[in-house]
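Subject: Handover of a structure for your study

Dear colleague,

Please find below the sequence and structure that I am handing over to you.

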Amino acid sequence: MASCRCTSVALEIERRFLVEGQAWRRHSRWQRALRQGYLVSAADGLTLRVRTSALLGEPGAAGAVQQGQEEAWLTLKAPPPSAGGDAFAGPAEPAPGSSPPQALSRLEFEYAIPVADGEALLGLSTARLSKCRHGLDLPGGDWVLDVFEADNAPLVVAEVELSSPDQVVAVPPWCVRELTGRHDLSNAALAARPLARWDAAELRELFG
């Protein structure tokens, strides 16, 4: 997700939710095909990620669907200094509701790069994943939803980026479980160990 600015430092503040059903689809306003790979993924939360993005659909001025717009980005994420080296601090499974848990906060530095460079860096990545990202028209933050593909299907995760860690969020009913703080479900972790490599007990715990 795009980072928000806190003083002079790029700070990403977000909450994440497991999604069930198809009710979210009426809120989708655009879709992008994302491929991302990890050049660095450390236990303390430091990651260096390359991402390519291609627009799949977006309403145009006359209601037509526009496609194309390929882009590539290089993103560095790290724990904020106050996190004491633990980028994934927070409750393992807080319940969605009006009294939010502490959102996940990370430093984020993102740079546009040529698409050809992004493709080359994807080839050098030690772990990769693909997903379709939808922009949602929900209030109370910058909402996106990721439909994971290939070895991470059928995982669907909604993310909301906030202006402050304690911002109250109106969580839609199809967000059935909070995943904020689940390191095993971070994108970096899913690229290195996708759901296809989880055992039956782990999948039951996740999906119920």
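A residue is called exposed when its relative accessible area is over 50%, buried when that area is under 20%, and partly exposed in between. A150 has a relative accessible area of 64%, so it counts as exposed. This alanine sits in the loop between β8 and β9. Its phi is positive, at about 55 degrees, although A150 is not a glycine. The loop between β8 and β9 also holds P154. The peptide bond leading from A153 to P154 is cis, with omega near 5 degrees.

Confidence in the model

Please keep in mind that this is a predicted model. The average pLDDT of the protein is 86, and 80% of the residues reach at least 70. Residues 2-8 stay under 50 in pLDDT, and the model gives them 13 contacts beyond four places in sequence. The pLDDT is also below 50 over residues 60-65, a stretch with seven contacts in the model beyond near neighbours in sequence. Where pLDDT is low, the predicted coordinates should not be read in detail.

The nonpolar cores

Which residues of the largest nonpolar core touch the most other members? They are V19, L136, W143, L145, A158, W174 and C175, out of 18 residues in this core. At least two core residues come from each of β2, β8 (142-148) and β9 (156-161). The largest share, four residues, is supplied by β2.

W143 deserves a look of its own. Leaving aside residues up to four places away in sequence, W143 touches F17, H134, G135, L136, L138, A158, E159, V160, V169, A170, P172 and C175.

A buried histidine

Is H27 buried or exposed? Its relative accessibility is 18%, and it therefore counts as buried. H27 belongs to the loop between β2 (9-19) and β3 (28-41). Beyond residues up to four places away in sequence, H27 touches G135, L136, D137, L138 and W174.

Around helix α1

Helix α1 covers residues 115-124, and D117 lies in it. D117 counts as partly exposed because its relative accessibility is 40%. Between D117 and V50 there are 67 residues of separation in sequence, while their C-alpha atoms are 9.4 Å apart in space.

I113 is placed in the loop between β6 (104-112) and α1. Which residues does I113 touch, not counting those up to four places away in sequence? They are V50, A72, W73, L74, G118 and L121. For I113 and A72, the separation is 41 residues in sequence and 5.5 Å in space, taken from C-alpha to C-alpha.

V40, L46 and L76 make a nonpolar surface patch of about 190 Å². With a relative accessibility of 31%, L46 counts as partly exposed.

With kind regards

Notes. Residues are numbered from 1 along each chain as its sequence is written. This is a predicted model: local features need pLDDT of at least 70, side-chain atom pairs count only at pLDDT 80 or more; totals for chains, interfaces and linings use all residues. Side-chain values use heavy atoms; hydrogens and water are left out. Buried means under 20% relative accessible area, exposed over 50%, partly exposed in between (1.4 Å probe, protein chains only). Contact means heavy atoms within 4.5 Å. Patches are made of residues with over 30% relative accessible area and no salt bridge: like charges are joined within 9 Å, nonpolar side chains (Val, Leu, Ile, Met, Phe, Trp, Tyr) within 5 Å. Accessible areas come from the Shrake-Rupley method with a 1.4 Å probe; for residues, only the protein chains shown count as cover. A salt bridge is a side-chain nitrogen of Lys or Arg within 4 Å of a carboxyl oxygen of Asp or Glu. pLDDT is the predictor's confidence in each residue, from 0 to 100. A nonpolar core is a set of buried Ala, Val, Leu, Ile, Met, Phe, Trp, Tyr and Cys residues joined through side-chain atoms within 4.5 Å.
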